Every structure is written in C-alpha cells, then in structure tokens.
Amino acid sequence: MQRTLVLIKPDAMKRRLAGRILTRLEDKGLALVGLKIMQVTPDLAKQHYAEHVAKPFYPELEEFITSGPVVAICLEGPEAITVTRGMMGKTNGRESAPGTIRGDFGMSRQLNLIHGSDSPEASDREIPLYFSDEELVGSTDGMVGTFF
Ligand code: RTP
Ligand code: MG
C-alpha cells in the first residue's frame, strides 16, 4: 500500500473543477486519507518545489501555485504514486493523452490543474509538508481490499 500527495492547483480551483478531479481519483479506487483546502505560502512553495527553486521558471511557478487556494490530498492505494501520475498525464496539457486529467481539461504547461508526487522519496518528503500525522487517518487496507 502506498501514499501520495496530490494538489488540486489554483487554476483548477478557479475553474471549479476540484470536485470532478477528486471524483476521478476516487472512482479509480484510490482512498482519501487526508484532505484540506489551504493557501500555499511562498515558503511552502520553495520547500515543495525544492528541486526547481534554482531554475529560471521558478518565480512564475511560485507566483502561480500561491495565486489562490489549493486542495491538498493524501491518497492511498496499491501503487498510488504511479497510478495517480498516470491519471494526471504529462506536465503539458497539450501533450497529455485524452483520458488523463491534464489531457482532458487543459492546454497549458503551467496551468496544469494537478500535482502528484513523482516517487516514493517525493511522497515521503511532500506529505509531511501538508499534513501532520493527526490530520491523516490510519491505513485504509480493509477499505481498499473490500473495494478490489
Ligand atoms: P508537478 O510537480 O507540478 O506535479 O508537475 P510535474 O511533475 O508534471 O512537472 P515538474 O517537472 O515537476 O515541474 C513542476 C512544475 O513546473 C512547471 N514547469 N515549467 N517552463 C518550464 O520549462 C517548466 N517546466 C516545468 C510546470 O508548471 C510543472 O507543473
Ligand atoms: Mg513534479
């Protein structure tokens, strides 16, 4: 069983797509173990996107991710990281396959609706940036087992 950190990004919030995106992830069989709406601060953005802070596009990325509220989600399921990344599609919506979230809802590399951890190391690092232990429910093993 694996956990992943998902953000529904400010563009999706402005477009009122949070519910539809969450529904797709739940329909797939991923279980919600943490959920909140929040504002990403510049400090949190720098921690979250630590690997990109020194890159030329970082200032725009920070401006975007702090431009409005996000929904932070911790999902659990078998291979939750890879499954979620597959459902997201490629970074650029124009290159994302139809059927993926980015492929179905966007045309932009920046306004790409959703973040998902890209590795177990990343989810181990990212989940505690958004959730304290008390904000996450215990394992949903039984629940997911029943579903599948
Ligand atoms: P994310 O981290 O947001 O889930 O997106 P990702 O894994 O698909 O893409 P990543 O390579 O981690 O890049 C993070 C965000 O930075 C913006 N970006 N801009 N101008 C550029 O070359 C460039 N490259 C990446 C994108 O908005 C991407 O979501
Ligand atoms: Mg990334």
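The questions below ask how the labels on this predicted model are reached.

Me: What makes the protein as compact as a globular protein of its length?

Reply: The secondary structure comes to eight helices and four strands, in the order β-α-α-β-α-α-β-α-α-β-α-α from the N terminus. The radius of gyration is 15 Å, and the globule rule gives 15 Å for 148 residues, so the protein is as compact as a globular protein of that length. Along the principal axes, the C-alpha atoms fill a box of roughly 45 × 35 × 25 Å.

Me: What share of the residues counts as buried, and how far apart in sequence are the residues that contacts join?

Reply: Of the 148 residues, 32% count as buried. Among contacts between residues at least 6 apart in sequence, 73% join residues at least 24 apart.

Me: Which domain does UniProt place on the chain, and where?

Reply: The unreviewed UniProt entry puts "domain: Nucleoside diphosphate kinase-like" at residues 1-138. That span is 41% helix and 20% strand, and its end C-alpha atoms lie 12 Å apart.

Me: Why is Lys 9 called buried?

Reply: The label needs 20 or more other C-beta atoms within 10 Å. Lys 9 has 26 C-beta neighbours inside 10 Å, so Lys 9 counts as buried. Lys 9 is in the loop between strand E1 (2-8) and helix H1 (10-14). Beyond its neighbours within four places in sequence, the contacts of Lys 9 include Ile 65, Val 70, Asn 112 and His 115.

Me: How do you know that Asn 112 is buried?

Reply: Asn 112 has 23 other C-beta atoms within 10 Å and is therefore buried, the cut-off being 20 or more. Asn 112 is in the loop between helix H6 (101-105) and strand E4 (114-116). Not counting residues up to four places away in sequence, Asn 112 touches Lys 9, Thr 91, Gly 93, Arg 102 and Gly 106. The "binding site" annotation of the unreviewed UniProt entry covers Lys 9, Phe 57, Arg 85, Thr 91, Arg 102 and Asn 112.

Me: Why does His 115 count as buried?

Reply: There are 21 C-beta neighbours inside 10 Å of His 115, so His 115 counts as buried against a cut-off of 20 or more. His 115 is in strand E4. Leaving out residues up to four places away in sequence, His 115 touches Val 6, Leu 7 and Lys 9. UniProt, in an unreviewed entry, places the feature "active site" at His 115.

Me: Which residues are around ligand 1, and how do they divide by type?

Reply: They are His 52, Phe 57, Leu 61, Thr 91, Arg 109, Gln 110, Asn 112, His 115, Gly 116 and Asp 118. A residue belongs in that list if its C-beta atom lies within 6 Å of the molecule. The shell divides into two nonpolar, six polar and two charged residues.

Me: What puts the buried residues of H5 on the same side of the helix?

Reply: The buried residues of helix H5 (residues 80-88) are Ala 80, Ile 81, Thr 84, Met 87 and Met 88. They cover an arc of only 135° around the axis, and therefore lie on the same side of H5. Their cover includes E1, helix H2 (18-28), strand E3 (69-77), H6, E4 and helix H7 (120-130).

Me: Which residue follows H5, and what is its phi?

Reply: Gly 89 follows H5, and its phi is positive, near 90°.

Technical notes: Residues numbered from 1 in each chain as written. Chains lettered and ligands numbered in written order. Predicted model: local features only at pLDDT ≥ 70, side-chain atom pairs only at ≥ 80, totals over all residues. Nonpolar A, V, L, I, M, F, W, Y, C, P; charged D, E, K, R; others polar. UniProt positions renumbered as here; feature names shortened; annotations may be inferred. Helix = DSSP H or I, 4+ residues; strand = E, 2+ residues; numbered from the N terminus. Rg over C-alpha atoms; globule rule 2.2 N^0.38 Å. Buried ≥ 20, exposed ≤ 12 C-beta atoms within 10 Å, placed from the backbone. Contact = placed C-beta atoms within 7 Å. Arc of directions from axis to C-beta.
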